[in-house]
Amino acid sequence: MEKLIDQIKQGKVWSIPGGIHPPGQKLQSTTQAIARLPLPDKLVVSLKQHIGANGKLIVEKGQQVLKGQALTKPSGNWSVPVHAPTSGLISDICPMPSAHPSALPELSVIIEPDGKDNWCELNPVPDAKALSHDELVDIIHQSGIAGMGGAGFPTYVKADTRKAIEFLIVNAVECEPYITADDMLMREHADGIIAGIELMQQLLSPQLTIIGIEDNKPDAIAAMKQAAQHNDSIIVQTVPTVYPSGGEKQLIKLLTGKEVPSGSIPADIGMLVQNVGTLFAVNQAVHEGKPLIERVVTVTGNTIHKQGNVWALLGTEIKHLLDCQGFSPVPQQRVVMGGPMMGFTLPTVRIGVVKTTNCILAPDHHELAEPGDEKACIRCSACADACPASLLPQQLQWFAKSKEYDKLNEHNLFDCIECGACAYVCPSEIPLVQYYRVAKAEIKEQQAEQIKAERAKERFEARKERLEREQEERQNRHKRKPAAKSDGEKQKVADALARVKSKSDDKDSKSAVAAAIARAKAKKQGAEIEPDNSEVAKERAARKEQARKYKEQKALEQGEEGVDKDDKKSAVAAAIARAKAKKAAQATEENASAETEAAPKDDKKAAVAAAIARAKAKKAAQAAEHQTEADSAPVDDKKAAVAAAIARAKAKKAAQAAENQTEAEAESAPVDDKKAAVAAAIARAKAKKAAQAAENQTEAEEDSAPVDDKKAAVAAAIARAKAKKAAKEQTQSDDSSQQTNDSSTEADAQPQSDAPESSEDKKKAAVAAAIARAKAKKAAKEQAQSDDSSEQINDSNDEADAKPQSDAPESSEDKKKAAVARAIARAKAKKLQQEGNDKS
Amino acid sequence: MKLTMASSPHNHSHKSLSRLMMTVIAACIPGLIAQVFFFGSAVLIQLVLALITVSACEAAVLLLRKRKVWPTLSDGSAWLTGVLLALSIPPLAPWWIIVIGCMFAIIIVKQLYGGLGFNLFNPAMAAYVLLLVSFPVQMTSWLPVSDLLASPISFSQQLSVIFNGFTSAGFSVDQLRVAIDGTTMATPLDTVKTDVAHHLTVAESMSKPLFNDWFGLGWGWVNLGFLIGGLYLLKAKIINWHIPVSFLASLAVCSGIGYIAAPGTEPGVVFHLFSGATMLGAFFIATDPVSASTTNRGRLIYGALIGLLVYLIRTFGGYPDAMAFSVLLLNMAVPLIDYYTQPRTYGHGVK
């Protein structure tokens with residue numbers, strides 16, 4: 001460190017990469033001393049002139065204020081007060097266009113000067129050395145001082161840093177063309193600036209204070225050297241004139257050879273940078289007791305008659321500055337606040353000067369030509385050569401245009417200081433900085449969205465847990481009741497189960513999944529074959545009673561008016577069953593067993609409502625989908641609509657990587673009423689769509705909703721397969737959420753198109769099934785070729801979907817056969833999937 | 001008062017695409033003059049043919065793409081492609097050689113890839129390779145320098161050869177290539193290569209009238225012309241030094257090592273640097289910004305590898321010169337090179 005200090009003291013200056021040499025255009029505004037302007041007719045003092053929160057308003061409309069009287073008082077969170085720049089009457093307090101590229105209105109105090117310019121009572125400190133650290137910081141704070149170099153960072157925050165500061169760096173570089181406000185201030189008030197520096201030294205006790213001035217300001221350098229002569233710890237360093245050497249990070253590199261690590265602030269490496277104007281304001285505040293109410297502003301450009309610097313009261317309208325200096329606008333006049341490189345054009349001249357306004361530039365079209373048309377990028381990399389941050393602006397531009405945000409981050413977009421050097425040198429006149437600004441804004445927005453989504457997810461998870469707990473409690477209660485059922489009844493059910501079991505066992509006894517499904521089928525059959533199911537109905541009624549409250553609550557939340565009461569009740573019961581199944585799955589990770597438990601208990605409508613909970617979850621996650629749900633409601637089957645919502649939720653959930661849940665869905669599907677299942681499949685597709693915002697697709701699917709039972713069966717099979725896949729995917733994939741979404745679209749899209757066919761003609765259906773199978777095969781092959789895991793998953797989905805479809809026509813013919821066939825098909829699909837996985 | 005809004009920066013360096021391209025074209029002039037001086041004014045005929053063809057092709061494709069013709073055509077990039085191709089082919093090549101080359105360069109290599117800035121390959125060099133592979137006889141029929149011609153030919157005769165294949169006296173290009181001593185002349189690079197293959201030493205080969213002490217007659221001057229133009233481009237900051245310097249250095253080092261290893265069969269550093277398309281390639285071809293590497297470190301690698309490939313193909317390959325092949329091969333490597341040579345961003349990789 002000693003060595004570094006010695007090097008600096010010997011006058012060593014490091015260099016920065018890149019940089020440009022635009023015409024300085026500074027001479028025209030340095031011929032005359034800083035002028036005083038007549039008082040304007042009104043002052044528009046914006047409450048927010050810095051980075052941080054507004055101060056709290058402490059004056060009222062109609063109140064008389066004195067010059068220097070505080071208009072706001074700080075209220076934490078980096079808030080800094082503003083003061084009355086002159087004495088007068090507060091004529092209004094209202095939002096006015098702000099000195100910001102957007103000119104968004106900010107609350108402002110409008111003062112009509114009384115012309116007397118009476119100061120309020122000032123409290124100059126005769127001996128600042130006697131002040132404690134906190135007292136000094138408080139004076140700086142109460143005086144409303146914020147960084148006057150451009151950013152407007154509250155100075156008291158910087159001055160109060162807890163970090164050890166080795167170098168206090170004074171930014172007097174003023175590298176932007178045209179601007180000479182700091183230059184003139186140094187020429188005229190070098191002593192005041194040095195006094196300000198000494199106050200800072202008192203606060204921060206740095207080892208060395210380095211004043212960096214560009215070599216195009218010899219007068220200022222001389223003045224500062226003269227003023228700093230008495231203080232050994234201040235050295236004036238001349239840096240070569242390169243834009244943007246006045247950037248905070250660039251100046252640190254120039255003067256100390258060090259770099260501020262990305263994402264850190266200078267104080268982290270023991271540096272603190274202050275602008276000369278700010279330091280002068282600190283001096284004024286402490287030694288004269290004057291708050292920050294005026295600043296030097298360069299008024300320049302070829303349309304200005306008297307180019308030069310003026311002392312402008314904060315809140316002075318730009319119009320007043322222009323009028324006082326003489327202004328003859330040209331057609332398509334631009335008025336820039338700040339310099340030609342980083343300044344922004346003003347939409348109106350009725351905007352007040354703020355603490356960061358260092359220049360008003362009103363150029364004609366000769367000195368600053370209007371930008372030409374953007375031409376093709378020839379990758380000449382002149383931009384990279386000019387970039388002071390060693391970025392690759394050309395590459396960033398391509399990524400920004402194609403919205404590849406990951407790549408932008410990879411190429412360090414956020415280290416771009418938006419100095420504009422790249423755009424300045426671009427032979428194709430590509431507005432590079434503008435592309436970066438837009439990309440940065442979009443990325444920030446995306447990140448905010450992500451945070452929001454994560455919070456929603458957390459909320460949803462918590463809610464889901466609670467609901468499951470409640471459901472389980474209900475289920476436990478309900479379980480006790482069936483125990484009281486007559487033996488005869490039980491026997492009936494058991495017989496049916498056994499019958500189907502034995503049948504399916506003949507074909508494929510090993511597949512636990514198939515067994516579960518078969519059992520579910522049996523259940524269905526039992527229900528349909530036996531005309532007298534009054535006892536079952538009774539049992540259901542009992543369950544309904546229990547679940548009513550729960551159900552109603554849910555119905556309310558979902559706004560599913562269409563579901564009839566009976567359905568709702570049964571739905572609740574079903575939900576309970578499913579919840580149980582889920583739990584079982586969670587505990588054992590053996591989905592088969594979970595399914596066996598859950599499936600027989602479910603009744604047809606059960607599945608519909610079971611998923612209500614899930615649908616709700618979905619809602620929580622994405623409020624926007626409400627509409628899609630609403631659209632699906634008018635389809636013929638109301639239940640279907642309900643299920644649609646549910647299914648969508650399912651898809652969502654799958655994306656959120658709840659494996660067991662997905663399996664639970666798989667279980668519920670076979671039991672579902674056919675229509676419901678159709679709708680479910682549809683709805684899942686919809687969910688997908690919602691994510692991808694393809695509205696036309698939604699419509700198409702809605703059309704397919706009112707299909708008959710056969711279609712329903714097809715879709716049911718599909719849905720089941722999908723659910724299975726989703727479960728598998730999750731285990732396989734790291735980055736599950738997006739992939740799952742993608743896969744569900746693909747999966748859904750195909751089956752639906754096939755569905756109508758099967759309803760028309762069974763043969764056709766069979767053909768379609770065959771096609772689907774072929775597709776699945778193909779997909780499997782593709783899978784083998786591809787490395788990319790997401791593609792694999794997609795493909796495997798296709799396979800899985802295609803298979804179950806083939807079952808559809810059969811199931812309508814003969815349910816028993818269908819069950820068997822389904823089991824087989826599913827097993828096949830599984831095999832294929834596994835093969836695919838093995839290959840991958 | 002209505003104020004105009006614009007996004008910063010509000011200033012511009014006044015560098016423009018067309019000025020950049022025109023400067024490069026202008027920098028070709030010294031080399032062009034040398035070529036005209038030593039190989040006859042037929043080069044100018046080829047140049048005119050090339051300019052007409054590229055303009056027509058570019059305009060046609062732009063019309064098909066429903067773009068404004070003049071703003072794009074006037075950026076000069078197509079003209080530069082035409083100029084470079086015209087300078088690369090034998091001056092007395094039949095007219096359809098340059099026409100086919102220019103059509104291929106503009107329509108296929110440039111516009112079908114999306115136009116300026118999107119082409120993966122250097123259009124002029126891709127066209128050159130197409131021509132060389134498709135029409136090897138016409139593309140290698142370089143005349144010896146005018147001094148060595150048995151029968152010097154006039155401008156009108158050159159015109160006749162280009163468009164009819166024969167002079168008014170009925171001489172074909174092959175007949176014209178017969179030198180004073182009655183032997184058919186090839187380019188110096190070709191001659192050395194053939195002679196070495198026939199177990200002559202380089203010294204023996206270079207004792208032929210085709211050569212002066214150091215390099216082929218005329219070719220050295222042409223290369224010098226392009227070197228001057230290239231230095232001007234460097235000074236005008238149109239191109240960066242990285243590619244030409246690393247290319248020439250790499251070629252020099254390779255040929256130097258070769259010369260030390262086998263002085264009898266290696267023509268040496270100066271011969272390599274001032275023969276064939278070396279200087280044209282170093283400053284005008286390899287530096288094509290669109291298809292070259294875009295990072296400074298990447299450019300060093302890019303240039304060096306081109307130098308290596310040029311040397312290897314010239315020495316061991318089937319073709320006497322290798323600029324086009326080497327540039328195209330490295331064009332393909334550019335994305336990889338760029339990816340691994342990103343500069344260290346400010347504030348990254350520091351404690």
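## A two-chain predicted model at a glance

In strand S7 of chain A, A:Val109 is the bridge partner of A:Val45. The predictor scores the complex with an ipTM of 0.88 and a pTM of 0.67.

**The strand around A:Val45**

- Strand S2 (residues 43-46) of chain A runs antiparallel to strand S7 (residues 105-113) of chain A, and four bridges link the two.
- Which way do the residues of S2(A) point? A:Leu43 and A:Val45 face one way, while A:Val44 and A:Ser46 face the other.
- Buried or exposed, for these four residues of S2(A)? All of them are buried.

**The six-stranded sheet of chain A**

- Chain A also holds an open sheet of six strands, in the order S1-S13-S12-S16-S14-S15, with mixed pairing.
- Why do S1 and S15 of chain A each have one side without a neighbour in the sheet? Strand S1 (35-36) and S15 stand at the edges and each has a single partner strand, so one side of each is left without a neighbour there.
- Further in, strand S14 (residues 336-337) of chain A and strand S16 (residues 359-361) of chain A make an antiparallel pair with two bridges, and A:Val336 sits opposite A:Leu361 of S16(A).
- Helix H4 (residues 181-204) of chain A packs on this sheet, where it touches strand S12 (294-300), strand S13 (308-313) and S16 of chain A. The direction of H4(A) makes about 125° with that of S12(A).
- Helix H8 (residues 318-325) of chain A lies across S12, S13 and S16 of chain A, and runs at about 55° to S12(A).

**Chain A overall**

- Among contacts in chain A between residues at least 6 apart in sequence, 76% join residues at least 24 apart.

**Where the chains meet**

**Chain B and a helix pair within it**

- For contacts in chain B with a separation of 6 or more, 74% come from residues 24 or more positions apart.
- Helix H3 (residues 42-64) of chain B and helix H6 (residues 95-110) of chain B have axes that come within 9 Å and cross at roughly 35°. The crossing is right-handed.
- Residues of H3(B) including B:Leu49, B:Thr53, B:Cys57 and B:Val61 meet residues of H6(B), among them B:Trp95, B:Ile98, B:Cys102 and B:Ile106. By class, this helix contact has 12 nonpolar, two polar and one charged residues.

**Confidence in chain B**

- The average pLDDT of chain B is 87, and 92% of its residues score at least 70.
- Where in chain B is confidence lowest, and where highest? The lowest is in helix H10 (residues 173-176) of chain B, with a mean of 70, and the highest is in H6(B), at 95.

Definitions and conventions. Residues numbered from 1 in each chain as written. Chains lettered and ligands numbered in written order. Predicted model: local features only at pLDDT ≥ 70, side-chain atom pairs only at ≥ 80, totals over all residues. Axes fitted to C-alpha atoms, helices over the stretch in contact; angles between N-to-C directions. Left-handed = near helix turned anticlockwise from the far one by under 90°. Contact = placed C-beta atoms within 7 Å. Nonpolar A, V, L, I, M, F, W, Y, C, P; charged D, E, K, R; others polar. Buried ≥ 20, exposed ≤ 12 C-beta atoms within 10 Å, placed from the backbone. Pairing = 2+ DSSP bridges. pLDDT = per-residue confidence, 0-100.
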